[in-house]
Amino acid sequence: MGIADTSIAAASAALSGVAAFAAWRASKEANHTASSVAQIERDRWHNDLTPRLRLWMGSENQQRGSHLYIRFEGPTSLGRLHVRFVVRDDRDHSQDVELAGGPTAETRAQVIWGPYRFRPGIDRADQLGRTSGTVLLEATDHTRLSVDPSVRPDWYEGQDGEVRWRRDYGSLPMRLWAECEAPGHRPWRLPADVPDSGDHVITGPAISGP
């Protein structure tokens with residue numbers, strides 16, 4: 001094989017390599033695009049199926065809330081819905097400055113920074129009252145969970161400590177995460193701020209679970 005033939009063969013091999021690489025890259029990009037489109041569709045479908053929970057505070061004697069009422073409005077296609085509620089604080093207190101002799105981050109984490117907690121030990125709530133037990137609901141079912149006023153922390157001292165705590169937090173809504181699961185679906189984590197006025201709120205928008 002002469003020099004010319006060798007050069008032509010080398011050039012052909014190089015072009016073949018470039019063509020093969022271009023084909024591989026095009027195939028990879030096409031697969032990535034198809035996967036992205038499929039993920040977008042899955043996310044849209046998941047969001048379209050976001051559970052609608054109607055929530056309100058109340059009590060049997062029409063006084064201000066001693067129960068959190070829950071009604072599963074739909075979609076009916078979800079079948080049986082498993083829901084657990086977690087009380088949210090008014091804000092994140094974990095990064096608050098620690099003063100000498102003041103509460104630590106661990107101590108602050110034990111405080112429900114809001115007007116209500118779940119009644120500890122009732123309806124399978126935890127002992128802090130932060131998390132409810134799981135409730136099972138079919139579409140249009142409703143249930144209720146017992147709540148108590150939150151407990152003021154020790155540093156709200158003095159005879160007026162309870163008054164100051166209620167003044168600071170008693171009029172705020174009960175802030176919640178509703179953690180929802182349905183067979184065959186990714187979970188949902190839905191925020192809701194439920195006022196102590198008897199007014200209804202509906203969960204959403206969705207924050208997708210893992």
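In this predicted model, the face of helix α3 that is turned away from its buried side carries Val163 and Arg167, which are exposed. The buried residues of α3, in turn, are Gly161, Trp165 and Tyr169. Seen down the axis of the helix, the buried residues of α3 fall within an arc of 40°, and therefore they line one face of the helix. Tryptophan 165 and tyrosine 169 both belong to α3, which spans residues 161–169, and they are 4 residues apart, about one turn of the helix.

The structure holds 6 aromatic pairs, and two of them can be described with the distance between ring centres and the angle between ring planes. Between tyrosine 156 and tryptophan 165 the ring centres are 5.1 Å apart and the planes stand at 85°, so this pair is edge-to-face. Between tryptophan 165 and tyrosine 169 the centres are 4.5 Å apart and the planes stand at 35°, so this pair is tilted. Tyrosine 156 and tryptophan 165 are both buried, and tyrosine 169 is buried as well. One aromatic cluster is formed by Trp113, Trp155, Tyr156, Trp165 and Tyr169.

Another tryptophan, at position 177, has charged side chains over its ring: arginine 88 lies over the face of tryptophan 177 at 4.4 Å from the ring centre, and arginine 189 lies over the face of tryptophan 177 at 4.2 Å from the ring centre.

Proline 153 and isoleucine 112 are 41 residues apart in sequence, while their C-alpha atoms are 8.9 Å apart in space.

| Residue | Location | Relative accessible area |
|---|---|---|
| Serine 132 | loop between β4 (116–118) and β5 (135–137) | 4% |
| Serine 146 | strand β6 (residues 142–149) | 11% |

Not counting residues up to four places away in sequence, serine 146 touches Ser66, His67, Arg117, Phe118, Arg119, Ile122 and Asp123. With neighbours within four places in sequence left aside, serine 132 is in contact with Arg84, Phe85, Phe118, Asp123, Arg124, Ala125 and Leu145.

How many helices and strands are there in the chain? There are 3 helices and 10 strands, and, read along the sequence, they follow the pattern α-β-β-β-α-β-β-β-α-β-β-β-β. The chain has 210 residues, of which 33% count as buried. Among its contacts between residues at least 6 apart in sequence, 60% join residues at least 24 apart. The chain exposes about 12500 Å², and carbon and sulfur atoms supply 55% of that area.

Methods
Residues numbered from 1 in each chain as written. Predicted model: local features only at pLDDT ≥ 70, side-chain atom pairs only at ≥ 80, totals over all residues. Heavy atoms only, no water. Phe/Tyr/Trp six-rings, centres within 6.5 Å; stacked < 30°, edge-to-face > 60°. Buried < 20%, exposed > 50% of the residue type's maximum accessible area, 1.4 Å probe, protein only. Helix = DSSP H or I, 4+ residues; strand = E, 2+ residues; numbered from the N terminus. Lys NZ or Arg CZ within 6 Å of the ring centre and 35° of its normal. Arc of directions from axis to C-beta. Contact = heavy atoms within 4.5 Å. Areas by Shrake-Rupley, 256 points an atom, 1.4 Å probe, with all protein chains shown as cover.
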